[in-house]
Amino acid sequence: RLSLALLVVFWLAFGFWLVAAVAVALVAPDQLGTVLGSRSSRLQVVTIGVAFVFWLVTRKGRPSRNVLDALDALTAVGMCLGWTVMIATNEPHAIRPESIVLLASTYTLVVRAALLPSTPARTALLSALSFAPLVPVTLAHYSLHPPEPGPLHPVVYVGLWSVLGVAAMTVISHVTYGLQLQVRKAMELGQYLLVEKLGEGGMGVVYRASHKMLRRPSSSFPFPCRAAAPRR
C-alpha cells in the first residue's frame, strides 16, 4: 500500500509539472527556460524525485513493519516539507505561492490517508507535522513581500486550511482503517486468517491460510459449497 501511495503521488506531481511546462511552452515559449530553470521548479523536480526513490526502496525485498512505518513518516513529512520550501524559493512576483503548496501538501496527504491503512491518531500526527512548517514559512515570505490587501492575511488562510486538512485526513483514515479491520475480521476462521482463494470446485472452495499465532503458512481449508437454488 505504501508503494502504491508513493507511485500515485509521483504521477500526480510529475503530471502537474509536465502540464505546467507544456502550458508555458504554448503560451510563452520564450519564458520556458526561465521557468524550468527557476529555484522553485528545480526544488519541485527534486521533491518529485524523492517520491520515486522511496517508491523504488519499498519495491525491494520485504521491509519490516518498523521500516515501513519509518518510510511512511519520512515520505509524508519530507515531501510536504519539500513543497513548503518552494514558497521561499519562489520569485517575489509569484502570486499566492502558498496556495499551490497547500494544494500539493493536501493531495499528498489525501493519497496517503486513502491508500495506506493507518490509525486515525497516527494520521493526525503525521498530517499536523506535515502542515506545521507551512505557517511560519508563509509568514516569513510575506514579511519580505507584503501581500495585496484582503479580508484575511495569507498566514491566517493557510492556518485555517491546514487545520481543516488535518481533520479531513483523520476522518479518511478512520474510515479506511475501520474498513480494513472489518475485512480482516471477516477473513478470520478461529486461529487462522484466510489469505487468498486457491480454487473452487463442485464440492467446495479451497483457501490458503496463515496461523495467527505461529505466523507461518498453514494447510488449505476446504469449505463446502451450497447448491444454488434453481432459477424460475
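Are Arg112 and Asp72 buried or exposed? Arg112 is buried, and Asp72 is buried as well. The points below concern a predicted model, and they begin with this charged pair.

1. **The Arg112–Asp72 salt bridge.** Arg112 and Asp72 form a salt bridge in which the closest N and O atoms are 2.8 Å apart. Arg112 belongs to helix α5 (residues 97-115) and Asp72 to helix α4 (residues 65-89), so the pair ties together parts that are 40 residues apart in sequence. Asp72 has a relative accessible area of 4%, and it is therefore classed as buried, the limit being under 20%.

2. Arg122 is partly exposed, at 26% relative accessibility.

3. **Arg96 and its two partners.** The whole structure contains 3 salt bridges. One of them joins Arg96 to Glu98, with the closest N and O atoms 2.4 Å apart. Glu98 is buried, at 0% relative accessibility, whereas Arg96 is partly exposed, with a relative accessible area of 33%. Arg96 also lies over the face of Tyr157, at 5.1 Å from the ring centre.

4. **The Phe10–Phe52 ring pair.** The model holds 6 aromatic pairs. In one of these, Phe10 and Phe52 are tilted, with 5.2 Å centre to centre and 45° between the planes. The pair links distant parts of the chain, with Phe10 in helix α1 (residues 2-27) and Phe52 in helix α3 (residues 39-59), 42 residues apart. Phe10 is buried, with a relative accessible area of 13%, while Phe52 is partly exposed at 33% relative accessibility.

5. Trp11 and Phe14 form an edge-to-face pair, at 6.0 Å centre to centre and 75° between the planes. The angle explains the class, because planes over 60 degrees apart count as edge-to-face. Both residues lie in helix α1, 3 residues apart, about one turn of the helix. Trp11 is exposed, at 52% relative accessibility, and Phe14 is partly exposed, at 28%. Ring pairs link Phe10, Trp11, Phe14, Trp17, Phe52 and Trp55 into a cluster.

6. **The surroundings of Gln44.** Gln44 is placed in helix α3. At 12% relative accessibility, Gln44 is buried. Leaving aside residues up to four places away in sequence, Gln44 touches Ala13, Phe16, Trp17, Trp83 and Met86.

7. **A nonpolar surface patch.** Leu18, Val22, Leu26 and Val27 make a nonpolar surface patch of about 420 Å². Val27 lies in helix α1. With 72% relative accessibility, Val27 counts as exposed.

Conventions. Residues numbered from 1 in each chain as written. Predicted model: local features only at pLDDT ≥ 70, side-chain atom pairs only at ≥ 80, totals over all residues. Heavy atoms only, no water. Phe/Tyr/Trp six-rings, centres within 6.5 Å; stacked < 30°, edge-to-face > 60°. Helix = DSSP H or I, 4+ residues; strand = E, 2+ residues; numbered from the N terminus. Buried < 20%, exposed > 50% of the residue type's maximum accessible area, 1.4 Å probe, protein only. Lys NZ or Arg CZ within 6 Å of the ring centre and 35° of its normal. Contact = heavy atoms within 4.5 Å. Patch = residues over 30% accessible without salt bridge, like charges linked within 9 Å, V, L, I, M, F, W, Y side chains within 5 Å. Areas by Shrake-Rupley, 256 points an atom, 1.4 Å probe, with all protein chains shown as cover. Salt bridge = Lys/Arg side-chain N within 4 Å of Asp/Glu carboxyl O.
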